[in-house]
Each structure stands twice: as structure tokens, then as C-alpha cells.
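Hello,

Here is the structure I promised to pass on to you. Have a look at it first, and then read my notes below.

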Amino acid sequence: MLMSNLYGRLVVVRNTQAQALQTKYPQLQVQAAIKDNYCQRCYAQIMKAWQLPNGHRYCGRCLQFGRVTTQDILVSVPEPNRFPPFENWQWSGQLTAAQMQVVAEINHHQHHHLVWAVTGAGKTEMLFPIIAQALANKQRICIAAPRIDVILEIAPRIVAVFPNIPLVVLYGQAEEPYHYTQLVICTTHQLLNFTAAFDLLVIDEIDAFPFVNNPLLKHTPKRALKATGRLIGLTATPTVRHLLQFQKRSYLPARFHGHPLPRINVRQVSKWRQLINTQQLPALLTKYLQQNKHQCLIFVPTIRETKILEHIIQRHFKTLAIMSVSAQDLQRTEKVQLMRQRKIQYLITTTILERGVTLPDIDVIILGADHPNFTSRSLLQIAGRVGRKISRPTGLVLAIVSQPSWQVLVAQLTIKWLNHQANKGVKHEL
Ligand SMILES: [Zn+2]
């Protein structure tokens, strides 16, 4: 094992190996993997059932990261920040005045900071100068997000701007093995393998599943950060807890192109579910498909309905290029790629695509927007898919409901309020 691969990394070894490693690396920090009946990696209390045939216990909660048992030791070596001088970065874009203001607010202090920026505000662009400054200060940096889709979208953009900085991209099915780099891009789950590693940790979509309210990941950001490290949280739909948790906050209600967030149009079709169960389409959906103008993401509440709707539309409109996608779909990334390449016109989806997917010229239709699977925050995210590009800063957001819905109303009012705030001129400090 290379010593550099232990810098700020929490590695599980058998207790019989610890002695030899300690002799080899005197800086090695060791601790029992399970101590006083608590897992020291994920802090779960060890349950009685988590017992091996040999009588030793293991942690059942963080099992997906490899088993830790009472026979194991967690080892790491303190992060030395051994990085070459930072030379340059390549970005020809320009931040808006509002984005620059937020960057200045973040760089003004060294505390944790929450950025509440509406969808399409240009969060990733704002990170570039912040990352550049941290690199210049020889800091170790991690950009994390709850979902792989978001990671895969951010990583190439970071690589393009910082082509000379070695980085590693970590997620569950990643093929590239871990190695020590100044810049780490990973899912929030991967933070479980770090300890006092980062001077700067950015968590994008901090309010998203499976990070938010996940007991497995509750302590990971704090532990992955050094005692002097800082956390920057980015979100378009903060929870009240996040707003209270961060003392320093910035607020960006305006989209980068200056156009307002698209409003949610609501139409009530009481029997839409009965219709699709009898192989028919709501009239306004038929009308939209007949016009066949723009690409569209059609959101439905459940996986079952993605299949039903795909089948009906294919039957009624034989020439339309349409597919469906869900969390269970292994070809998810490929299908989104086909949308990007305009090889398909319509993609039917569950809430799995509510975030992280940016397509120009897109409309969205939410069939069954009053279903509990669509919260007001997820409706805000879905509406935020529309009008992202300056080439088409508007678009249709149509919510079809079977009955009036509180969550749709909250999303509508929030959009109205955010647009009002953006219109007033950007107010930064919350
Ligand atoms: Zn554990």
C-alpha cells in the first residue's frame, strides 16, 4: 500500500496487519474499527444480529463499503498537502455581477457557507474561482454531490477548466481505483472513506436524496473535513434545517441569463389515471404531442406509469421517438445522452431526473403532480429544468393534477416569490 493512498483516507485492515504497517509508516494513525459496540466508520450501534460464525461482530450499516468487523483496524496518515504550485486554469467565461458578489461573499471569510441559488443560476461556474483560490493556497479540495448523474456532469467541466490538476472521480461503480490527488470529485457516500482530508469540501445539491436525512452519512462531511476545513453547500431548494445550520449564507434568485424562472401551469384532469389504464391519453397531452415542437421530459409518479405511458404514446404516435427511464434502468445515462443528442424527442421519467439534467430547449409535463412522490421542492427542481439556455430562456411547465394540490401551490408561490426577488435586484445576504 502506497503511503500517499493513506493521506486523509480511512482504510480498513486486519488487526494482524496493523503492526507491520505502523513499523513501515510511523505517522500511521490507528483505531479499532468497532469500539464500545459502535462502528467507528459510520457510527452505527452494532446490532445483535450482526454476528459472524466465528463470534466476531460486524457493522451491517456500512456493509456496502466492505465489511468492518471487531477484528479490523481503521488506519490513516494525516493529510500533508503535498502539492505542486498551482499555475493556471482555463476558463474564458464571465461571471455575472451577482455571481461575482456571491464568490466575494464566500471568499471573504473562512466559515462554512450555504449558497441558495435558483436552478440555472450558474452554480458550477461560481465554483471555478473558489477552486482556483483553494488550489493556489495548496489546499486539498473535494467536490461532492449525492447523485452519480450530477458527479458525471460536473467532472468533465472541472477537468476542462483545470486540465493540469490531477483529480480522481469516485462513485460506487467507478472503474478508476482510488489514488491520492489534490482534487477529488465524488458522491457523498464516498466521503465515508475520508478523515481530516479536505481543506475545502463543496457539496452540490446538499438537500438531495440519498444524502439528506441519511443516518449513514450524517457525520461524514464533518469527518472528511480537517478541523480548519470549510464546507460550502449548494442548493436550489434548501430545507429549513440547512438554512439554520449554516451561519453564513448567500442567495442568488436570478438565473444567469436574467430571465425569470418559468411558471408552473396547472390543469386538472380528474381521471387521467383511469384514462391511461384504459390505453387513452388526456386530451391536452395528445394535443401537445400532436404539435411535436420541442423536446419534453414527461414526469410521472411511479415506475409502472412510465411503462404504461410509453406504451400508449407509442401506439397512438407511431413515428415519435420516445423512451422511458427510472432509477431501476441500467441504461439511464445512455438514454439521457440520446436526449442530449436529440435522437429522442420525449423521455418519460420518474423523479429520478428531477435534478442534474440540463437540456436546452426542453419542456416539462408532470402527469399526476399532486401525487405525494412530487414534493414542492421536487416540483421546483423539475420546473427548473426548463429555460436553462440563453437560446431558449423560457418553455412550458405543465402540471396535470387529479385534484387541487397544496404542494403544487407552494411550488407556484415559491417561483413567484423568487422571480419577484430577482426582479427587485439581487439581494445577497439572507
Ligand atoms: Zn459502519
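How much area is buried between domain 1 and domain 2, and what percentage of it do carbon and sulfur atoms give? About 1,500 Å² is buried there, and carbon and sulfur atoms give 58% of that; buried area is the accessible area (1.4 Å probe) that two parts lose on being put together, summed over both.

A word on the background: this is a predicted model, where local features need pLDDT of at least 70, side-chain atom pairs count only at pLDDT 80 or more, and totals for chains, interfaces and linings use all residues. Residues are numbered from 1 along each chain as its sequence is written, and side-chain values use heavy atoms, with hydrogens and water left out.

The protein chain has domain 1 (3-76), domain 2 (97-252) and domain 3 (265-413), with bounds from an automatic or database domain assignment. Between the C-alpha centres of domain 1 and domain 2 there are 27 Å. Contact (heavy atoms within 4.5 Å) links 15 residues of domain 1 with 17 residues of domain 2.

Now for the zinc ion. Its donors (N, O and S atoms within 2.8 Å of the metal, or 3.2 Å for Na, K and Ca; water is not among the atoms, so sites may look incomplete) are the SG atoms of Cys39, Cys42, Cys59 and Cys62, at 2.2 to 2.4 Å. Along the chain, these donors are spaced as C-x2-C-x16-C-x2-C.

Best wishes
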